[in-house]
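The stops below go from the whole chain to single residues.

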Amino acid sequence: MTTSATPTHCPYCALQCGMNLTPVPGGGVEVSERVDFPVNRGALCGKGRTAPVLLSSRLRLTSPLVRNAGVLEPASWDEALARITEGLSRTRTEHGPDACGVFGGGGLTNEKAYALGKFARVVLGTSQIDYNGRFCMSSAAAAGIRAFGLDRGLPFPLEDIPRTGCVILVGSNLAETMPPALRYLTELKANGGTLIVIDPRRTRTAEQADLHLAPRPGTDLALALGLLHLVVAEGRTDEAYIRERTSGWEEARAAAMAHWPEYVERITGVSVPRLREAVRLFCAPKDAMVLTARGPEQQSKGTDTVGAWINLCLATGRSGRPLSGYGCLTGQGNGQGGREHGQKADQLPGYRKLTDPAARRHVAEVWGVDPDSLPGPGRSAYELLDAMGTEIRSLLLMGSNPVVSAPRAAHIEQRLKSLDFLAVADVVLSETAALADVVLPVTQWAEETGTTTNLEGRVLLRRRAVTPPDGVRSDLHVLHELAARLGVEKGFPTDPEEVFDELRRASAGGPADYSGITYRRLAEGDGVFWPCPAPGGAGGSEGSEGSEGSEGSEGSEGSEGSEGSEGDSPVRDRSVQDCSVQGRPPADRTAEDRPTEECTGDRVHPGTPRLFLDRFATEDGRARFVAVSHRAAAEEPDDEYPVLLTTGRVVAQYQSGAQTRRVDELNAAAPGPFVEMHPRLAERLGAADGDPVAVVSRRGRAVAPARITPTIRPDTVFMPFHWPGEGRANNLTNPALDPTSRMPEFKTCAVRVETVT
């Protein structure tokens with residue numbers, strides 16, 4: 001254990017806020033501000049401030065557990081690993097490799113996500129791997145690839161947000177989900193910019209807005225199309241931009257013009273004057289942005305919904321210009337990096353497609369295997385979980401808690417119980433771990449070194465600050481030991497820097513190229529934005545250095561349907577590889593954006609804070625409009641289920657709550673679930689504030705106290721999804737999947753609400 005402050009990053013959301021950790025006499029760790037880190041500039045939310053509480057041995061796992069006679073009991077590491085080896089081997093022998101499933105998490109470091117994907121495909125030989133990030137950002141990722149040829153949540157740094165003229169924030173309660181980021185919106189307003197928030201609830205974030213639109217849940221697609229209709233009708237399109245930098249406009253324009261304002265008002269409940277006001281505010285300034293989060297994305301039409309918001313940006317000439325464009329607010333701690341390096345069902349490291357022969361050859365060469373030995377794409381997250389006990393007979397799960405976080409959660413809990421064998425590696429005994437045959441206690445954020453990639457695409461180095469308890473091992477150690485016991489003795493190092501160096505080589509030339517990033521660069525600065533190719537375009541340059549660069553158990557984000565199954569990005573495209581991406585169009589360039597001499601020859605690439613300023617990552621360099629039309633949610637209200645349910649988070653808890661529910665201070669602030677409802681609905685039910693009410697859908701039932709407020713639509717109730725037990729909100733949610741991203745429809749389903757005596 002070091003005795004001085006260790007600069008590192010928070011284990012929770014995708015901001016990856018900087019912090020310093022200092023051991024204190026007598027044990028424990030003190031968190032202090034890291035004001036020099038540009039993302040949060042020292043600010044931390046309650047979750048980040050209290051994160052070291054979970055380092056205590058009394059709150060977490062410190063010994064492997066194995067199930068004997070139905071009871072989990074402490075065991076040695078050797079016995080636990082032997083049990084897992086036996087369980088996976090038996091399944092492969094009796095049912096074939098695809099009967100073994102692997103499920104990862106968006107909180108795993110880049111090194112762990114990379115090693116997990118490699119383990120599944122090289123050691124187990126299974127195609128059946130996906131991760132909980134599928135439940136978070138997959139629709140935005142698919143829409144971004146379809147339109148731009150590349151998915152990076154924010155194609156610009158957060159620092160650009162206060163400098164734009166208008167932000168439309170769609171389906172994000174930033175004030176509660178990532179509080180330190182709220183300052184970017186308050187600074188936007190202080191600089192004279194305007195904020196439009198779209199949310200069926202008047203949240204803490206919506207209270208900051210100049211204009212708040214409260215559409216009916218599940219109608220964000222119609223809303224975006226209605227705004228685009230008005231942009232066209234009022235002559236606010238940027239025809240020169242459309243002509244020079246896009247394709248597909250005529251078809252997209254025709255689709256939008258079928259969504260006239262009065263029709264959109266009937267669908268969404270947002271009045272025509274407010275639609276017109278939103279268009280006026282968005283189009284008035286030179287620069288503007290649209291930022292989406294889980295609201296429009298967690299829908300069975302999430303990819304098309306995000307695509308409609310991208311179309312709005314393209315039609316007004318916003319994307320690929322300074323201080324403008326579309327961005328996704330990635331949610332989980334490594335939600336960005338976690339979807340880039342191989343733990344997704346259809347993906348190889350570097351955001352390569354598993355179906356691309358060139359990508360398979362490149363990665364197979366790095367791994368030292370035959371390309372033909374690599375399995376093809378597998379099931380998406382929900383489909384994998386739903387197949388447990390039938391097609392999937394054994395499961396290795398790391399860094400996820402689907403008993404709480406998956407849609408139709410009671411059903412998924414039963415599927416987990418039906419497995420022949422379940423092994424879980426986690427920090428705590430989560431609700432999912434409690435069902436396992438073997439549980440492995442693994443290190444957490446402050447006890448290990450590794451990289452994460454935040455919502456800006458900024459690759460960061462989390463440093464080890466404390467020694468883990470005796471009996472605890474890293475996930476990399478687990479994969480190393482299992483690989484050896486299953487017959488693959490090389491290729492799974494336990495040193496994270498060694499794993500990262502291999503990741504760099506595997507990602508070289510891919511859309512998410514990390515080959516020019518080293519631990520040394522990350523340690524010397526504030527992170528490096530990908531893509532960052534190595535000098536000469538190849539990975540493995542250990543001596544790289546440059547001026548710019550120096551997980552937790554919880555989370556909630558195909559068959560071959562996948563993020564980006566339409567419009568795959570090229571394996572190598574100069575729009576994201578060449579240094580010219582650093583430059584703005586000549587009239588708009590500033591000193592900070594001009595290519596530097598470091599971009600030439602064998603000099604170190606500085607990273608790419610801003611994408612698409614010269615061209616998009618498509619084969620012709622043009623952004624692609626996609627013609628989309630409104631369609632209803634998979635489940636609409638009827639006489640039996642007349643109310644809409646939407647779900648989300650509260651400020652003091654995080655995702656499935658497996659970690660935050662163990663912190664007394666956070667539980668005091670948010671002790672349990674609730675059902676938020678409008679006074680008119682409460683009056684019809686005869687419910688008072690605090691009365692227990694039951695919310696019932698076609699899939700299940702949840703009971704929690706009523707929280708009565710006029711800040712929600714009268715036809716809608718809201719429940720946070722952090723808790724298990726009778727208040728488990730995901731008992732109710734609909735697993736209807738987006739056809740492209742395979743995202744379940746968490747954000748809207750039909751329910752009825754009943755009083756409980």
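**Before selecting**

This is a predicted model, in which local features need pLDDT of at least 70 and side-chain atom pairs count only at pLDDT 80 or more, while totals for chains, interfaces and linings use all residues. Residues are numbered from 1 along each chain as its sequence is written, and side-chain values use heavy atoms, with hydrogens and water left out.

**Whole protein**

The protein has 23 helices and 30 strands; helices (H or I, at least four residues) and strands (E, at least two) are DSSP runs, numbered from the N terminus. Along the principal axes, the C-alpha atoms fill a box of roughly 75 × 70 × 55 Å.

The radius of gyration is 24 Å, which agrees with the value near 27 Å that a compact globule of 757 residues would have. That radius is taken over C-alpha atoms, and the globule rule is 2.2 Å times the number of residues to the power 0.38.

Now switch to a surface. Its accessible area comes to about 23600 Å², and 47% of this belongs to carbon and sulfur atoms. Accessible areas come from the Shrake-Rupley method with a 1.4 Å probe, and for residues only the protein chains shown count as cover. Of the 757 residues, 66% count as buried. Buried means under 20% relative accessible area, exposed over 50%, and partly exposed in between (1.4 Å probe, protein chains only).

Colour by charge next. There are 83 positive and 98 negative side chains, and the centres of the two sets lie 2 Å apart. Lys and Arg count as positive and Asp and Glu as negative, with His and the chain ends not counted; each charge is placed at NZ of Lys, CZ of Arg, CG of Asp or CD of Glu.

Select residues 302-315. This is helix H13, with 14 residues and a reach of 20 Å from its first C-alpha to its last, close to the 20 Å expected at 1.5 Å a residue. The expected span is 1.5 Å times one less than the number of residues. H13 is largely enclosed by the rest of the structure, because 14 of its 14 residues are buried.

Gly317 belongs to the loop between H13 and strand S13 (325-328). It is buried, with a relative accessible area of 3%. Draw a distance from Gly317 to Ser56: the two C-alpha atoms are 261 residues apart along the chain and separated by 52 Å.

**Helix H11**

Select residues 272-283. Helix H11 has 12 residues and reaches 17 Å between its first and last C-alpha, close to the 16 Å expected at 1.5 Å a residue. Its buried residues include Val272, Leu275, Ala278 and Phe282.

Leu281 is also in H11 and is buried at a relative accessible area of 12%. Leu281 and Leu211 are 70 residues apart in sequence, with their C-alpha atoms 8.9 Å apart in space.

**Cysteines**

Show the cysteine sulfur atoms. A disulfide is a pair of these within 2.5 Å. By this rule the count is 0 disulfides. Cys45 is in no disulfide, and the nearest cysteine sulfur, that of Cys10, is 6.0 Å away. Cys45 is buried, with a relative accessible area of 15%, and Cys532 is buried at 0%.

**Strand S1**

Select residues 6-9, which form strand S1 and contain Thr8. Thr8 is buried, at 0% relative accessibility.

**Backbone exceptions**

Most residues other than glycine have a negative phi, and most peptide bonds are trans.

- Ala69, in the loop between strand S4 (65-68) and strand S5 (71-74), has a positive phi near 50 degrees. Ala69 is exposed, at 85% relative accessibility.
- Tyr351, in the loop between strand S14 (347-348) and strand S15 (352-353), has a positive phi of about 60 degrees. Tyr351 is buried, with a relative accessible area of 6%.
- The peptide bond from Trp530 to Pro531 is cis, with omega near 0 degrees. Pro531 lies in the loop between strand S21 (528-529) and helix H21 (574-577).
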